[in-house]
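The sequence and structure come first.

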Amino acid sequence: MAAAASTATLSGCARPLPSTLNSSPSSTRLAPFASRSRPRRLRAAAAAATLREVCSGRVPDHVLQGAEDVGYISPTEVQEQSLPVLLSGLDCILHAQTGSGKTLAYLLAVFSAIDVGRSSVQALVIVPTRELGIQVTKVARLLAAKTCNVMALLDGGMLTRQKSWLKAKPPAIIVATVASLCQMVEKRAFSLGSIKILVIDEVDFIFGSSKQVNSLRKILNSYTAASSRQTIFASASIPQHNRFVHDCVQHKWTKSDVVHVHVNPVQPMPSHLRHTYVICSKKERLHVLLSLLERDAPKSVIIFVAQQSEKSKRAGNPPSSTLVVEFLRAEYKGTLEVLVLEEDMNFNARATSFTEVKGKGFLLVSTDIASRGFDLPQTSHIYNFDLPKTATDYLHRAGRTGREPFSKSECSVTTLITEEERFVLQRFQNELKFHSQQLPLESMFTFNL
Ligand SMILES: Nc1ncnc2c1ncn2[C@@H]1O[C@H](COP(=O)(O)OP(=O)(O)OP(=O)(O)O)[C@@H](O)[C@H]1O
């Protein structure tokens with residue numbers, strides 16, 4: 001259907017659109033709710049533009065300079081396709097592969113919307129985890145180049161101290177987790193009345209969390225109103241996205257002319273990842289993992305484990321993370337440091353693990369807490385020690401590697417499964433349209449249990 005529509009007139013748009021909106025690559029689908037029956041396409045841009053050209057006149061120069069200083073010269077595909085929409089002030093659902101550069105795209109929109117001369121909270125970026133919040137804050141501060149304050153209101157933060165800072169000198173931009181934000185608003189530390197732009201990153205994850213969804217609805221509908229702000233939702237996975245676009249308008253989470261920018265709709269999985277799997281028994285798994293690490297000699301690794309169930313806790317079993325970490329600390333002879341990250345750790349320990357993985361080779365054993373938004377571009381290998389629960393979880397775990405946008409070097413994702421789990425992995429393959437190759441256990445591993 002998208003191929004049939006050749007131009008994007010975007011009926012119902014609140015503001016005049018930049019001329020680049022009439023010319024865009026074929027992979028973008030624009031589905032303004034006002035004309036939902038026919039998703040629209042943009043025509044291909046005449047020539048490759050730089051990030052500065054794409055943002056021309058709409059993003060302050062110092063912000064673009066900051067971006068260039070860290071090497072963001074050419075826009076990634078999602079930036080090229082979404083920035084004309086985002087910088088025109090339209091509400092947007094930013095839907096593109098993991099590692100495709102959505103963060104910079106929405107932060108550029110933030111800087112184009114705020115007035116750094118005003119002393120009020122004007123932009124709010126909501127993230128699901130403290131770790132992702134730290135990362136986004138870092139990029140926002142880098143782009144702000146000290147022209148405005150960026151505050152992180154994150155779970156495990158020093159909220160009492162931040163409350164007085166908020167009152168004394170409101171930051172222009174706040175990056176927050178849902179719980180910490182609501183706590184502050186309910187304590188009347190500040191109001192969201194002057195918010196011009198609201199971004200919700202990993203939106204499907206936050207909406208999918210029973211703990212967070214009610215608070216999120218308050219942020220969207222009670223503390224602020226869609227009519228007085230620009231709203232941006234971002235994720236690599238938005239299941240039933242047409243339904244979601246419909247709900248956005250129906251529940252007034254966005255305005256009615258919200259635009260769905262969907263890059264690579266046919267192939268949600270980044271193409272330069274190599275997927276393999278090994279079939280082994282539960283008893284063999286730790287040894288298989290060790291053999292793979294010795295064989296692959298990875299630069300940096302994330303090993304994903306399942307979060308321990310309440311039932312398993314009650315039965316007094318150790319969680320997978322403990323099993324893997326203790327085994328690797330005893331048996332792994334490589335140079336990478338073995339670190340752990342999981343929900344049950346206290347925030348100081350989480351912060352230490354997060355800081356330590358930055359900037360050096362690591363072997364991080366983590367639950368799905370590291371699967372959303374974590375940007376450690378040096379990660380060359382992912383191992384699923386425990387099978388992810390859903391195809392979406394597989395997608396986000398796999399997307400922690402292959403994150404250098406203009407590099408095509410192959411990164412790998414290896415999943416350890418039992419014979420009975422084979423069909424689950426097959427289902428993920430069908431849903432996400434990727435191929436996974438079996439590594440034969442017997443020819444590769446020489447351990448005796
Ligand atoms: N224009 C650019 N040029 C070079 N590198 C870029 C550019 N934009 C983003 N990057 C880099 O690409 C990597 C991935 O970006 P980002 O974290 O925004 O991805 P994402 O789309 O949010 O992924 P996920 O869905 O996994 O959260 C980061 O390391 C970032 O620094």
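## Ligand shell

Of the 21 residues around the ligand, which come nearest? They are Tyr72, Gly99, Lys102, Thr103 and Asp375, where a residue is near if one of its heavy atoms lies within 4 Å of the molecule. The model is predicted: local features need pLDDT of at least 70, side-chain atom pairs count only at pLDDT 80 or more, and totals for chains, interfaces and linings use all residues. Residues are numbered from 1 along each chain as its sequence is written, and side-chain values use heavy atoms, with hydrogens and water left out.

The shell holds 6 nonpolar, 10 polar and 5 charged residues; Asp, Glu, Lys and Arg count as charged, and Gly is among the polar ones. Helix α4 (residues 102-113) gives the largest share, 3 residues.

Lys102 places a polar side-chain atom 2.7 Å from a ligand oxygen atom. For Ser100, a backbone N or O atom lies 3.1 Å from an oxygen atom of the ligand. Gly101 has a polar backbone atom 3.1 Å from a ligand oxygen. Polar contacts are pairs of N or O atoms within 3.5 Å.

## Position between domains

Why does the ligand lie between domain 1 and domain 2? Both domain 1 (51-263) and domain 2 (273-443) give residues to its shell, so the ligand lies between them. The bounds come from an automatic or database domain assignment.

Key. A polar contact is a pair of N or O atoms within 3.5 Å; within protein, one must be able to donate a hydrogen and the other to accept it, and residues adjacent in sequence count only if both atoms are side-chain atoms. Helices (H or I, at least four residues) and strands (E, at least two) are DSSP runs, numbered from the N terminus.
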